[in-house]
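Visitor: I am new to this model and would like to learn how to read its features. Could you take me through them one at a time?

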Amino acid sequence: MNILGIGIVFNRGRGIESLENALNQGWQKPAETEVSHSKGKKSLVYQVDLQTISDRTLLKKMRRADKLSKMAVLSASDAIKDSGIENIHEKKMGIIIATAFGAHVTTFDFLNDILDYGEANVSPTTFSNSVHNAAASYISSALNIQCPTLTVTQFFFPFHYALQLAQAWLNEKRCDYVLVGAVEQYGDVLGYIYDSKLTPASDGRIMPFNFNKAYHVPGEGAVCFLISKEDSENVYCKIQDVSFDNENKYDASVDLNIIDTDGLLTDESVYMRAISNDNNPPFSKGGMGGFPNEIPVAAYSPLFGSMMSGSAFNCAVGALMLKNQMMYSNPIINNPHGLNIVDETKDANIELIQCIRYNCFNEKAAIYLTKQGTIFNRDREVQRR
C-alpha cells in the first residue's frame with residue numbers, strides 16, 4: 001500500500017506543513033485547560049484550537065457536528081488535496097476511521113441531557129453525533145464520497161487494524177483508494193480517568209525515553225492517509241507490513257525505530273525489548289552520518305500528546321521522513337538510558353522505518369514503512385527497483 005496524501009489536525013495547526021514546522025521547531029508547552037472535576041485546578045492538554053477547524057466552506061453542511069467529526073473531515077479533505085488526485089468522488093473509494101474512545105465527549109453530553117431534561121427532551125442531533133460511526137459518515141457526506149464506510153474501535157491498536165482492513169479492501173479490489181484515519185478528542189471524563197490512573201507531567205513534558213516512571217499529557221487531533229496500490233512520484237512511502245506479534249521483523253534493514261511512548265502505560269520499560277542492543281543487530285548500511293552501531297530511535301508524542309491511537313500520528317512523521325529523506329530531532333531529548341536517540345535534524349538515507357506500539361498486556365504491534373522504490377525479498381534484504 002502506498003501513502004499518496006496526508007492530512008492532519010493537531011494542537012500545532014492543520015496540514016502537513018504544520019506537522020513539518022512542528023518537527024523543525026521542536027517541543028512547545030501545551031495549553032492549560034480548566035478541570036471540571038477539581039475546582040480551581042488547571043491541566044495541561046495538547047488541544048486543537050477551535051479556530052484551526054473553523055473552515056466555513058468545507059463545514060457549512062455540518063454546523064451542528066461535534067469537534068471530533070469536524071477534525072476528522074478536515075484531515076480527510078486535506079489528505080485528498082495533498083494527493084493531487086482530482087474528482088476523487090468518482091473513484092472507487094473506501095473510508096475507515098480508527099478511534100479508541102470515539103465521540104465520548106458527545107456521548108457524555110447526551111447522558112447529561114437525559115439526567116437534566118429527561119429522555120423525551122434530549123436533542124436528537126446530540127444523539128446522532130454520539131454514534132461511533134458519525135465521524136466517518138460526515139466525511140462521506142461532506143466530501144461527497146459514496147463508498148463503504150467503517151469505524152474501527154479498539155484500545156491501543158485501532159489504527160493498525162484499520163490499515164489491515166484497508167489492505168484487504170485493496171487486495172479484494174473493492175476499492176482503488178482508501179481513506180484511513182485516526183481521530184481522538186479530549187474531554188473532562190477522559191482527563192479525570194487519565195489523572196486518576198496515570199502520572200500527569202506537571203511541566204507538560206512527556207519523557208518518552210524515561211520508560212519508568214512514565215508521564216502523560218492528554219492530546220487530541222485527527223490524521224488521515226489516502227492509501228492505494230497506485231504508484232506515482234507524489235507517493236510518501238509504502239506501508240510494507242503491519243505486524244501483531246513480538247517478532248522483530250526486518251531487523252537487519254531497519255534504519256529507524258519510532259516508539260509510541262506517551263505515558264499511557266504506567267511502566268514503558270517493555271519498549272527496551274524492541275530497541276535494546278540484544279535485539280538490534282549491528283547497523284551496517286551506512287549513509288547515516290556517523291551514527292554508532294545501534295539503530296536510531298525516536299519518539300514524537302511530545303508534539304501530539306498522549307492518545308490511544310497515537311500510532312497514526314507517528315506514522316505520519318515516519319512517512320514525511322521517508323519522503324523528505326530527513327531525520328527529525330526528537331522534541332524531548334532527555335536520554336537517561338544512553339540510547340541512540342535522534343538528537344538533531346539532518347539529511348539521511350532512510351529506507352525502512354519501524355513504528356512500534358505496546359499495549360498494557362505487553363503485546364506488540366508494528367507498522368513498517370519503506371521508501372518509494374525499495375522492496376524486501378523473503379530473506380528481508382533490501383533491494384532497489
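Visitor: How many salt bridges does a search of the whole structure find?

Guide: Let us begin with the general idea. Side chains of opposite charge can pair when their charged atoms come close. The cut-off here is a side-chain nitrogen of Lys or Arg within 4 Å of a carboxyl oxygen of Asp or Glu. By that rule, the search of the whole structure finds eight salt bridges. Please keep in mind that this is a predicted model, in which local features need pLDDT of at least 70 and side-chain atom pairs count only at pLDDT 80 or more, while totals for chains, interfaces and linings use all residues. Residues are numbered from 1 along each chain as its sequence is written, and side-chain values use heavy atoms, with hydrogens and water left out.

Visitor: Which residue meets D78 in a salt bridge?

Guide: The partner of D78 is R14, with N and O 2.7 Å apart. D78 belongs to helix α3 (residues 67–83) and R14 to strand β2 (residues 13–14), so their pairing ties together parts that lie 64 residues apart in sequence. Helices (H or I, at least four residues) and strands (E, at least two) are DSSP runs, numbered from the N terminus.

Visitor: Is D78 buried or exposed?

Guide: For such words we use relative accessible area: buried is under 20%, exposed is over 50%, and partly exposed is in between (1.4 Å probe, protein chains only). D78 has 12%, so D78 is buried. R14, at 24%, is partly exposed.

Visitor: Over which ring does the charged end of R205 sit?

Guide: The ring is that of W27, and the charged end of R205 is 4.1 Å from its centre. To count, NZ of Lys or CZ of Arg must be within 6 Å of the ring centre and within 35 degrees of the ring normal. K323 gives another case, lying over the face of Y236 at 4.1 Å from the ring centre.

Visitor: How many aromatic pairs does the structure hold?

Guide: A pair of aromatic rings is described by the distance of the centres and the angle of the planes. Rings of Phe, Tyr and Trp (its six-membered ring) pair if their centres lie within 6.5 Å; planes under 30 degrees apart count as stacked, over 60 as edge-to-face and the rest as tilted. This structure holds eight such pairs. One of them is tilted: F159 and F225, 5.5 Å centre to centre with 40 degrees between the planes. F159 is in helix α7 (residues 158–171) and F225 in strand β8 (residues 221–228), so to speak a link between distant parts of the chain, 66 residues apart.

Guide: Contact means heavy atoms within 4.5 Å. Q154 is in contact with T99, A100 and Y161, its neighbours within four places in sequence being left aside. Q154 lies in the loop between β6 (149–153) and α7. S309 is 155 residues from Q154 in sequence, yet the two are 8.9 Å apart in space, C-alpha to C-alpha. S309, in the loop between α10 (301–304) and α11 (311–324), is buried at 0% relative accessibility.

Visitor: Which residues make the nonpolar surface patch?

Guide: Patches are made of residues with over 30% relative accessible area and no salt bridge; like charges are joined within 9 Å, nonpolar side chains (Val, Leu, Ile, Met, Phe, Trp, Tyr) within 5 Å. Areas come from the Shrake-Rupley method with a 1.4 Å probe, and for residues only the protein chains shown count as cover. Here F108, L111, V189, Y192 and I193 make a nonpolar patch of about 420 Å². Helices α4 (104–117) and α8 (188–197) each give two or more residues to the patch. I193 is found in α8 and is partly exposed at 43%.
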